Amino acid sequence: MRRRLLSVTSGTSCLLAVVLLASQAAGQWPGWRGPNRDGKSLDTGLLKQWPEGGPKLLWKVEDIGVGFSSATVCDGKVFISGDQDGKLMLFAFDVDGKLLWKAEHGKGRGGPDGSRSSPVFDNGKLYLVNGHGLIGCFDAVNGKLLWSHAAKEFGGSPGGWGYAESVLIYKNMAIYKPGGKNCIVAFDKQSGEVIWKSSGFEAGPEYSSCILVEFEGQPMIVTGTNRGIVAVDAETGKLLWSNDWSAGNVANCPTPAYADGYVFWSNGYGKGGICLKLRKTDGKVSAETAWTTKELVCHHGGYIIHEGHIYGNHEGGWACLDLKTGQRKWFQRAVGKGSLCFADGMLYLYAERNGVCALATCSPEGLEIKGQVTVKGNGPSWAHPVVAGGRLYLRYDTNLYCFDVKNAP
């Protein structure tokens, strides 16, 4: 394994220590799609324009196995998963890219897919799902397996591309989706004991992850399945509402997004997006179709919602839609088809081919590229970019890159 290290200096005054602690609190990326599972970093003070050739490379590690897992950054460590020698491996690095430990988590998927699930960090523990539906809880300090369950215990079976979701942590629960009659299952995150199994519907798991939505006092778990989008009571698992708009699609991959009373979900293979407006009547929450669109057809690169607008991957480029009406504001090719995240008012666009990542403006007025960087790897790159602690993490193939994107004082 090759790595390039950056020497790190720290201030010694109490004031600098307080500032550092505050920065670290804002600089966490505890798992799939960030602190609030919305694709948005809490970082501030970042570059608004990259220098020629891109931001400074701090370090690179190789041989993390094949896969599309995104990085997780928490507790002064970087976690990621990859397939090696037929096994799914969970890796832990320090902030300079030094390997701390790696742990096995069942069989790998094989072929070009590799790992897809991103590790999820919570209170010193990591949660990970392998491509065959095995969920595991690990000690984040040393990689020791604490508990695990297989999807088949709950009657679940994968779609044609295996399991690809990342675990959702809610209160004392670790939630994932084996599929079948018990489509969604909540475990005690400490012990692994089952707390609830969803009821009122049956569906295949497909490939998206669950999100938590709280609407007018009702917490719910929202996720995509092969029979459409569903929401269950976060405390009991009972079905609250469902919509079959994307049922029977070739594959439903992206994770839904929520903001301001609206749930948005878009899928590829020509399907497009649906926006649902939530309502609460006589104590019951329902979801009505606000609009559907073919102006944002997203295979797997995702989308974020910011200040009343949706920004996301549309076919071979990027689109912006009005959240409430679905009106398209713009479409730009930019780096081409890929994935994205948001940080400090800017978009980070990561192409699925050729390793190109761009910094871009986030505005309904149009998209303007403010710098690019290219990383090396082979095949498609379906991992999402991650911004945490003033650093940009890009995973391409078996490589993980870390760049400095802080705006120097």
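Close-up 1. Trp382 is partly exposed, with a relative accessible area of 30%, whereas Phe68 is buried, at 9% (buried means under 20% relative accessible area, exposed over 50%, and partly exposed in between, with a 1.4 Å probe and protein chains only). The model is predicted: local features need pLDDT of at least 70, side-chain atom pairs count only at pLDDT 80 or more, and totals for chains, interfaces and linings use all residues. Residues are numbered from 1 along each chain as its sequence is written, and side-chain values use heavy atoms, with hydrogens and water left out. Rings of Phe, Tyr and Trp (its six-membered ring) pair if their centres lie within 6.5 Å; planes under 30 degrees apart count as stacked, over 60 as edge-to-face and the rest as tilted. By this rule the count comes to 15 aromatic pairs. The ring centres of Phe68 and Trp382 are 4.8 Å apart and their planes stand at 40 degrees, so the pair is tilted. This pair links distant parts of the chain, 314 residues apart: Phe68 lies in the loop between strand 1 (56-61) and strand 2 (72-74), and Trp382 in the loop between strand 29 (369-374) and strand 30 (386-388). Strands (E, at least two residues) are DSSP runs, numbered from the N terminus.

Close-up 2. Asp397 lies in the loop between strand 31 (391-396) and strand 32 (399-404). Asp397 is buried yet has no salt bridge, and the nearest side chain of opposite charge, Arg395, is 6.7 Å away (a salt bridge is a side-chain nitrogen of Lys or Arg within 4 Å of a carboxyl oxygen of Asp or Glu; Lys and Arg count as positive and Asp and Glu as negative, while His and the chain ends are not counted). Not counting residues up to four places away in sequence, Asp397 touches Gly65, Val66, Gly67, Gly377 and Asn378 (contact means heavy atoms within 4.5 Å).

Close-up 3. Strand 19 (residues 262-267) pairs with strand 20 (residues 272-281) in the antiparallel sense over six bridges; two strands pair if DSSP finds at least two bridges between them. Tyr262 has Lys277 of strand 20 as its bridge partner. Four residues separate the strands in this hairpin, where Tyr269 takes a positive phi near 60 degrees. Strand 20 and strand 21 (residues 284-293) run antiparallel, joined by nine bridges, and Leu276 stands opposite Thr289 in strand 21.
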